[in-house]
Structures are given as C-alpha cells and as structure tokens.
Amino acid sequence: MDAIANWFASHPQFTAALIACIKAVVILLGTVIVAAWMIWLERRLLGLWQDRYGPNRIGPFGLGQVIADMIKIFFKEDWIPPFVDKFTFILAPAIAMGLMLLMFALIPVTPTWGVADFNVGVLLFLALAGLEVYAVMLGGWSSNSKYALLGGLRVTAQTVSYEVFMGISLMGIVMLAGSFDLRQVVEYQAQNGWNIIPQFFGFCAFVIAAIAVVHRTPFDLPEAESELAAGFHTEYSGMKFGMFFVGEYVGIVLVSAITVVLFFGGWSGPGVASHAWLAFPWFALKCLFFMSGFILLRASLPRPRYDQMMAVGWKVCLPLSLINLLGTAAVVLAGQGS
Amino acid sequence: MTIFFYIAAAVAVVSTLFVISGRNPVHALLNLVVSLLAVAGMFFMLGAPFAGALEVIVYAGAIMVLFVFVVMMLNLGKATIEQERHWLTPKNWVAPSILAGALLLALLAVIAGGGLHPAALAEIDAKQVGVALFGPYLLAVELASMLLLAALVAAYHLGKHD
C-alpha cells in the first residue's frame, strides 16, 4: 500500500492526469444518470400537474421505471429500414448524444470540479450547439421518408434562426465578465451578483433560444406528432431511438446547467465562501429548479404554429438581444470612463 | 502538441480529397464539415482558440448547415449519383490535377525555402483579435459590413411577397 502511495507521490503529473480523468468520468456518468432520471421526474411531475399519478409501480415512488424502460429498449429489435442511407442513419443518433455529452465538459460544476477549462468556453458552447443540428438534420435526411425529411428541414431552419440570437444574447455577459471563460463568468457573479439582474433581457432571449435549439416542447415542431408522425426520428427504433430520446433529456440538463452558470451564479451561493462543500449542493439545487421549470413549460404551454415561432425569433428575440447588447456595451463603457 | 497538429492537418487533407471525389452530395458535404473541424483543430493547436471557435460556429455550424439544408430541400436522390459518376471520368481529372500540382510545387518551394514562421509563438486571445480588427484592419471590417448589408437588403428584396 505504501509503495503504491509513494509511486503516485513521485509521479505528480501522472497522478494529476489520473485524477482529472476520474473526475471527467464521474461527471460523464453523473450526467447520463441524471438525464435518465429526468425521464422519471418529467413523467411524475407531469402526472402531478395534470392531476394523475404517473409511473409509481416499480420501486419506491416508481424510481425503478427508468431501469425497466432502459432494459426494454436495450432488448428491442434495432431495425434499420432497407431504404435508408445506412452510414448517416447510424451516425445521426451518435452525434446527438455525443455532442450533448461533450458540451458538459465545458461546465464548471464547482471551483475544483469540471472537465476542461477553455478560455473561449462560451464560444465553444455555441460552436457545439451549432453542430448539434447535424444530428437531427442527418437523421431526417437519411431516413428517406417524407415525415422525417420535413422534420429535418424544420429543425434546421429553427436551429439556424435561433442560434443567431442565442450567441448575441450571451455577449452581454461576456462584456460584463470581460472573458469568454465560463469559470471567470461564475467568479464575476460571485463577486458582483448574479447576471440575471443586469442581463434580464439576455436571459429571456437565451432561454427561448436554448429551448428551440434542443427542440424541446413548446418548440418541438420538428417532431410534432399531430402533423409529422414522429418527425425526424420516425424511422428509428431500438437503442438508436433511445439515443435521440435520452439525448433530449441530456439537452435539458445541459441547458439548465449552462443557464445556472451564465445567469444564476453557478456554484456560488450563501455559505460557499466559508463551507466549500456547499458549492455542489447549490449548483445541483439551481439546476434542479430549472429542469423542473422546463417540465412545467411543457405541461402548460401549447405548441405554436411554425411560422409564428420563426416570426417571434426574428422579429422579437433578435432585436431584443441586439438592444441588450448595445445597452450593456454603453453601460460598460460609461463605467470604464468614470 | 506538434503531432496533433499534423494529425489534424492529415485529416483535413484526406477529408477534402473525399469532398472532391465523393458522388453523394450529402456525404461530400459531411466530409467538408470534417475538414473544417480539422482546420479548427489546427487553429487551436497553433494557439488561436478564438479563430478556431469561430471557424466551427460560422463555417461548420452555419454555412455548411445551409448547404446541407439546400441539398435536402432539392432531395436529389439516386439520379444525381449516376450523373456524378458520368461526369467524373478520368479524362476530366487531368486538367484540375495539373493545376493542383502546380500549386503543390509552389507550396513545396516555399516550405523548402524556409520562409515560414514557426508555429505556436504565442496565444492570440479574443481581445487581441478585436484590437487588430478595429485598429489596422478597420477599413476592411467596414467594407465587409457594407457588403453584408447589401447582401441582406438583396435577400430581403428577393424574399418579400409581392
């Protein structure tokens, strides 16, 4: 035992890399598990709000429902229709899940936990969110069926439109914090108060854009079951469908986490300065609040018409985030001048 | 780090070759996306993370998405693959190969001459890019913005309902 401890002590670089890898794996597994249990949380909360029970049979409070569903989906026949473009058909769900998990690498969970610190973290988040559209697009195109193609076309137009002001709405924060680094954004908020107050309009635009980019209800036009069957994943079955499905929940967890990091102070909160262990509970609590908020949005809002959604994006949210950008710039400049 | 640079460079070159020789338009565009991502990786390796991130956002995340979007809308199907096969005869490869070979020779001559700067001298952050854009390159930025405005007005005119 001592020999092993001595060996690790004499190779500090290796030990540091090993610890970083273990942290990364823990964050990855934590994300996937939280995303899977999001499915349970959503069904239970929807049940509660719609005055019914939801899944409550398997395990305490129905918590085992997710495990049962996962076992079922693993053993379902994974059928690839003969008319699809096979390579892209298989690639699409992998992109959906992989990119979502990759984005979690950017999130600073606590002062000491987090996978990667980039000095352009905000930009990398936007870049990966931009690439995420390929998953749905390729899924829709490779399926070679009209509903899937229409879903793919919708999601492309929707994501490209909403990404524009998603980036612009975040630039106000970058100006205030003076850095693209997500860790510095959190530290700025720990000292100067949460960004939600000075950047309220940026927050509104960002949340709307983020819901649209992860195509979550009410903006789930690409998979609107009333008109497009199941949209882009009509032809998918088995675990490939499961990847799209869980990927959506990873997306909700991710959007909640990034909203918390950018607008609600990340890990900062009362008592963190004196008790460092409080950092993670604060982060988790804030994330849970937003995850439940997204479920409430789904429970309460109807789906808009497609043209209405695009019009709101370009005619309301884009000008709003541009004005927010200019206003923040003016305030920051005035503050520097005095 | 140098080895990763060369891996990214090799990926960029190989995937670009696939873009040129590919018959299926969507697969060719996907190869182009891979090529652009590899170039972004090279920017990161050279110490220009800002340029690398913008490369992914603008080229891979927006422009290529629109390309794929148009190909999807046209929904060309099997017929175009046959057409491509018909067009890409060995005879048609000759002239472009000569032109590309001439460029390769010029590139090799430059590399052999040693007139290049060593990579990764310093990390260029967003602020330095901004200072450069609104300092020495201000005129180019203004001209580009006017060009984009003209394109925007033109697109609005083409897209408006009569």
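Okay, hi everyone. Before we start, some housekeeping: this is a predicted model, where local features need pLDDT of at least 70, side-chain atom pairs count only at pLDDT 80 or more, and totals for chains, interfaces and linings use all residues. Residues are numbered from 1 along each chain as its sequence is written, chains are lettered from A and ligands numbered from 1 in the order in which they are written, and side-chain values use heavy atoms, with hydrogens and water left out.

Let's begin with salt bridges. By that I mean a side-chain nitrogen of Lys or Arg within 4 Å of a carboxyl oxygen of Asp or Glu. How many does the structure hold over all chains? Four.

Take A:R298 and A:E42, whose side chains meet in one of these at 3.0 Å, N to O. When I say helix, I mean a DSSP run of H or I with at least four residues, numbered from the N terminus. Are these two buried or exposed? Well, A:E42 is buried at 2% relative accessible area, while A:R298 is partly exposed at 33%. Buried here is under 20% relative accessible area, exposed is over 50%, and partly exposed is in between, using a 1.4 Å probe and protein chains only.

Helix 2 of chain A comes up again with A:R43, which meets A:D69 in a salt bridge at 3.5 Å, N to O. A:D69 sits in helix 3 (residues 65-75) of chain A, 26 residues away from A:R43. Both ends are partly exposed: A:R43 at 35%, and A:D69 at 27%.

Then there's A:K240 with A:D78, at 3.0 Å, N to O. A:K240 is in helix 11 of chain A and A:D78 is in the loop between helix 3 and helix 4 (86-104), 162 residues apart. A:K240 is buried at 11%, and A:D78 is partly exposed at 38%.

Now, rings. Rings of Phe, Tyr and Trp (its six-membered ring) pair if their centres lie within 6.5 Å; planes under 30 degrees apart are stacked, over 60 edge-to-face, and the rest tilted. That rule gives 17 aromatic pairs over all chains. For A:F200 and A:F203, the centres are 6.5 Å apart and the planes are at 35 degrees, so this pair is tilted. They're three residues apart in helix 9 (residues 200-213) of chain A, about one helical turn. A:F200 is partly exposed at 42%, whereas A:F203 is buried at 14%.

A:F264 and A:F290 are tilted too, 4.8 Å centre to centre with 55 degrees between the planes. Both count as buried, A:F264 at 14% and A:F290 at 12%. Ring pairs also join up into a cluster, and its members include A:F125, A:W194, A:F200, A:F203, A:F264 and A:F290.

Last stop: where chain B meets chain A. Contact means heavy atoms within 4.5 Å, and here it takes 25 residues from chain B and 23 residues from chain A. The two chains bury about 2,000 Å² between them, 81% of it on carbon and sulfur atoms. Buried area is the accessible area (1.4 Å probe) that two parts lose on being put together, summed over both.

How values were computed. Helices (H or I, at least four residues) and strands (E, at least two) are DSSP runs, numbered from the N terminus.
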